[in-house]
Amino acid sequence: MKEKEDQRSFHHKKFFVNTTAYVILLLLSYALGYLSSTTSSYSRTPPHPLTEHVPVAVPANQLDNFRVTTRCADSLPSQLVRQTIVDRIFNATSPYANFPPPHVSQLLRTKRVKGWGSYGGVFERLIEKVKPRVVVEVGTFLGASALHMANLTRQLGLETQILCVDDFRGWPGFRDKFKDIRMINGDVLLYYQFMQNVIYFNATDTILPVPYSTGSALMKLCEWGVVGDLIEIDAGHDFNSAWADINRAWRILRPGGVIFGHDYFTAADNRGVRRAVNLFAKTNGLQVQTDGQHWVIDSAVNV
C-alpha cells in the first residue's frame, strides 16, 4: 500500500515538473519571438528624408523611377522657335496682339518689375560667353531677369529668343508682399502684368511667355524639338521641384550650352536647390561652378 502511494506521489511530482518546464519554455519562446519581431520592425523603418545622406556615387538603378523618359524630337533651327511657340500655344497669333484685354486694362500698372538676383553679373558673363540664340527661363514671375537678359543680348547685337516658362500663379500667400498685384475671381494678374512689363520695355520681339507649369511646358518643348543654348532654372526652390526642373531642362539643352540657376546658397542649406543640383551633377558626372548665389553647369566642359 505504501509503495503504491509513493508511486502516485512520484508521478504527481513528475507531472508537475514537466508542466512547469513546458510553461517556462512556452513563455521564453513567446518573449523571444516578441523581441525578435520588435527588433525586426525597427530595423525596417526607413530613415527620415531630412537626415538621409546621399552617397557620392549613386547607383543608376536607384534613380530609375525618378528619371525623365520623354522622347525629344530633333532640334529645331533657332529661327523657327518663336513661330513654333506662337503656332502651338497661341493659335498662330501673338499673345501681345490687342493687349491688354478690356477686363484688366484698368488693373495693371504701367510697369511693375521685381526679381531676386535678376541683375547679377552671371547673366552678362554667360551671355557674352554663350551668345545664345535661344534662352529658356524656367521661373519668371514679373520678368525681371528675362528683361535684363533681353537688354544684354540687344547690346551685343544678338538675335535671341527668350522663352519664359511659368504658370504665373505665384505661390500661396505671395500677395501678402505684393498687394498691388490685383486679383479677379481668384485669378491673380501676374501673367498680364508680366506682359505689360515686356511691352513697356519694348521687348515683345525677344520675349515670349510659355504660361504653363514647368513640368508640362518643358516636356512639350522637348517633344517639339525646342532647345536652349542657355537655360536658367529659378522656379520652385524645394528639392523635388528643383530636381524635376533641372532634369527636364537638361534634356533640351543644346550640346555645348549652359544651364544655371539661382539660390544655390540659401537658408535651406543642402535641403533645397543645392541638394538637387549636387545630386544631379554627381549622378551625371558633371562639374558645378558657382557665381555669387548662382550655380552653373557648362556642358562644354563636361564632355
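This is a predicted model: local features need pLDDT of at least 70, side-chain atom pairs count only at pLDDT 80 or more; totals for chains, interfaces and linings use all residues.
**Exercise 1. State where F168 lies and decide whether F168 is buried or exposed.**

*Solution.* First, F168 is found in the loop between strand 2 (161–165) and strand 3 (183–184). Second, the phi of F168 is near 55 degrees, a positive value in a residue other than glycine. Third, the relative accessible area of F168 is 2%. Buried means under 20%; therefore F168 is buried.

**Exercise 2. Classify the angle between helix 3 and helix 4, and describe their contact.**

*Solution.* Two packed helices are described by the angle between their axes and the distance between the axes. The axes of helix 3 (residues 121–130) and helix 4 (residues 144–155) come within 10 Å and cross at roughly 45 degrees. Helix 3 is therefore oblique to helix 4. The crossing of helix 3 past helix 4 is right-handed. Helix 3 contributes F123, E124 and I127 to the contact, while helix 4 contributes S145, H148, M149, L152 and T153. By type, the residues of this contact are four nonpolar, three polar and one charged.

**Exercise 3. Identify the members of the largest nonpolar core that touch the most other members, and list the contacts of L163.**

*Solution.* The largest nonpolar core has 75 residues, of which I85, V136, L163, I207, L221, I231 and W295 touch the most other members. Helix 8 (residues 273–284) gives the most to this core, with six residues. When neighbours within four places in sequence are left aside, L163 is in contact with V81, I85, V135, V136, E137, L208, V210, L221 and V226.

**Exercise 4. Determine the setting of N197, then describe the chain as a whole.**

*Solution.* N197 belongs to helix 5 (residues 190–200). N197 has a relative accessible area of 0% and is buried. Apart from neighbours within four places in sequence, N197 is in contact with K111, R112, V113, L142 and L147. The chain has eight helices and nine strands, and buried residues make up 40% of its 303 residues. Among contacts between residues at least 6 apart in sequence, 80% join residues at least 24 apart.

Technical notes
Residues are numbered from 1 along each chain as its sequence is written. Side-chain values use heavy atoms; hydrogens and water are left out. Axes are lines fitted to C-alpha atoms, for helices over the stretch in contact, and angles run from 0 to 180 degrees between N-to-C directions. Helices (H or I, at least four residues) and strands (E, at least two) are DSSP runs, numbered from the N terminus. Angles under 35 degrees count as roughly parallel, over 145 as roughly antiparallel, 65 to 115 as roughly perpendicular and the rest as oblique. A crossing is left-handed if the near helix is turned anticlockwise from the far one by less than a right angle, and right-handed if clockwise. Contact means heavy atoms within 4.5 Å. Ala, Val, Leu, Ile, Met, Phe, Trp, Tyr, Cys and Pro count as nonpolar, Asp, Glu, Lys and Arg as charged, and the others, Gly among them, as polar. A nonpolar core is a set of buried Ala, Val, Leu, Ile, Met, Phe, Trp, Tyr and Cys residues joined through side-chain atoms within 4.5 Å. Buried means under 20% relative accessible area, exposed over 50%, partly exposed in between (1.4 Å probe, protein chains only).
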